[in-house]
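My notes follow, in the order I took them.

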Amino acid sequence: LHGKTQDTQVKATYEQGDLQPTETQKKVERLVFGILSNYHYRKIPVNDSLSSKIFDAYIKNLDPNKVFFLAADVAEMEKYRLTIDEQLNMGDLTSAFQMYNRYQKRMLERYAYIDQLMKQPVEFTSDETYQPDREKAQWAETAEELNNYWRKDLKRQLLDWKIGGKADTTAIRELKERYARSAKYMARTRSEDVFQVFMNAYTESIDPHTSYMIPKAAQEFNK
């Protein structure tokens, strides 16, 4: 497509339970690619620069606060940074789904940790610091580092509710229910949801005012 000679086809390797793109989504992606490449008012070159922009946007859409991915995950996914442009032209969604499946795995790991953590008494006497603003944070190097953040964030939520007058038992129960709902929602994610997140990273990288909606989301939007 751009004079590159390397093989940009990413080998599709999925584990049991992983989400995978459908043939219809591959066809739709190529259709959207053709429309944006040829008819959008902004003629953005489809090259490594756009590929890198889409990669960063997709990572940010998935994990904006850097509380799920590990540094090793992001480093491993760097192999996709400069190949997304060619993959878009071929209707290849493998990279998008590989990245999402890693994200889903990490998210479920964190929810499992929270579930175990809330079965233990919460200690409020330690002198600790907590930084809720993660915009400039580095990716965590280890699961233990992420666990430490989540432990403090859980404590912060409970303290907020205690200050508001909510009983400890009520706060714990409601937090458990909140995270259980989040885990259930994640378990119900379908390939079309992944497709929408990735396509939005693509369209917004071309034009912040352009977005892609799957039919279900479009119907909700038009109500």
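Predicted model: local features only at pLDDT ≥ 70, side-chain atom pairs only at ≥ 80, totals over all residues.

**Entry 1: the elements.** Read from the N terminus on, the elements run α-α-α-α-α-α-α-α-α. That is 9 helices and 0 strands in the chain.

**Entry 2: H1 on H8.** At what angle do helix H1 and H8 pack? I found about 10° for H1 (residues 23–38) and H8, with the axes 12 Å apart. Angles under 35 degrees count as roughly parallel, so H1 is roughly parallel to H8. The crossing of these two helices is right-handed. On the H1 side I listed Gln25, Val28, Glu29, Val32, Phe33, Leu36 and Ser37; they meet Ser191, Glu192, Phe195, Met199, Tyr202, Thr203 and Ile206 of H8. Sorted by class, the residues of the contact of H1 with H8 come to 8 nonpolar, 4 polar and 2 charged.

**Entry 3: H2 on H8.** I stayed with H8 and checked H2 against it. The axes of H2 and H8 come within 8 Å and cross at roughly 130°. That angle makes H2 oblique to H8. Here too I noted the hand: H2 and H8 cross in a right-handed way. From H2, the residues Leu50, Lys53, Ile54, Ala57, Tyr58, Asn61 and Leu62 take part, and they meet Val194, Val197, Phe198, Ala201, Tyr202, Glu204, Ser205 and Ile206 in H8. The class count for the contact of H2 with H8 is 11 nonpolar, 2 polar and 2 charged residues.

**Entry 4: aromatic pairs.** How many aromatic pairs are there? With ring centres required to lie within 6.5 Å, I get 12 aromatic pairs. Tyr58 and Phe198 form one that is edge-to-face, at 5.2 Å centre to centre with 85° between the planes. This pair links distant parts of the chain: Tyr58 sits in helix H2 (residues 48–62) and Phe198 in helix H8 (residues 191–206), 140 residues apart. Are the two residues buried or exposed? Tyr58 has 1% relative accessibility, so I put it down as buried. Phe198 is buried as well, at a relative accessible area of 5%.

I then looked up Tyr100 and Tyr103: their ring centres are 5.4 Å apart and their planes are at 65°, so this pair is edge-to-face. Tyr100 and Tyr103 are 3 residues apart in helix H5, which means about one helical turn separates them. Tyr100 is buried, with a relative accessible area of 6%, and Tyr103 counts as buried at 8% relative accessibility.

Finally for this entry, I wrote down one aromatic cluster, formed by Phe68, Phe69, Tyr100, Tyr103, Tyr111, Tyr130, Trp139, Tyr149, Trp150 and Tyr179.

**Entry 5: H5 on H6.** Helix H5 (residues 94–117) and helix H6 (residues 143–163) have axes that come within 10 Å and cross at roughly 55°. H5 and H6 are therefore oblique to each other. I recorded the crossing of H5 past H6 as right-handed. The contact is made by Arg110, Tyr111, Tyr113, Ile114 and Leu117 from H5, with Ala143, Leu146, Asn147, Trp150, Arg151 and Leu154 from H6. By class, the contact of H5 with H6 holds 8 nonpolar, 1 polar and 2 charged residues.

**Entry 6: a loop residue.** Where does Val67 lie? I found Val67 in the loop between H2 and helix H3 (71–77). Its relative accessibility is 7%, so Val67 counts as buried. Leaving out residues up to four places away in sequence, Val67 touches Arg110, Arg134, Leu146, Tyr149 and Trp150. I also checked Val67 against Arg106: 39 residues separate them in sequence, and they are 9.2 Å apart in space, C-alpha to C-alpha.

How values were computed. Residues numbered from 1 in each chain as written. Heavy atoms only, no water. Axes fitted to C-alpha atoms, helices over the stretch in contact; angles between N-to-C directions. Helix = DSSP H or I, 4+ residues; strand = E, 2+ residues; numbered from the N terminus. Parallel < 35°, antiparallel > 145°, perpendicular 65-115°, else oblique. Left-handed = near helix turned anticlockwise from the far one by under 90°. Contact = heavy atoms within 4.5 Å. Nonpolar A, V, L, I, M, F, W, Y, C, P; charged D, E, K, R; others polar. Phe/Tyr/Trp six-rings, centres within 6.5 Å; stacked < 30°, edge-to-face > 60°. Buried < 20%, exposed > 50% of the residue type's maximum accessible area, 1.4 Å probe, protein only.
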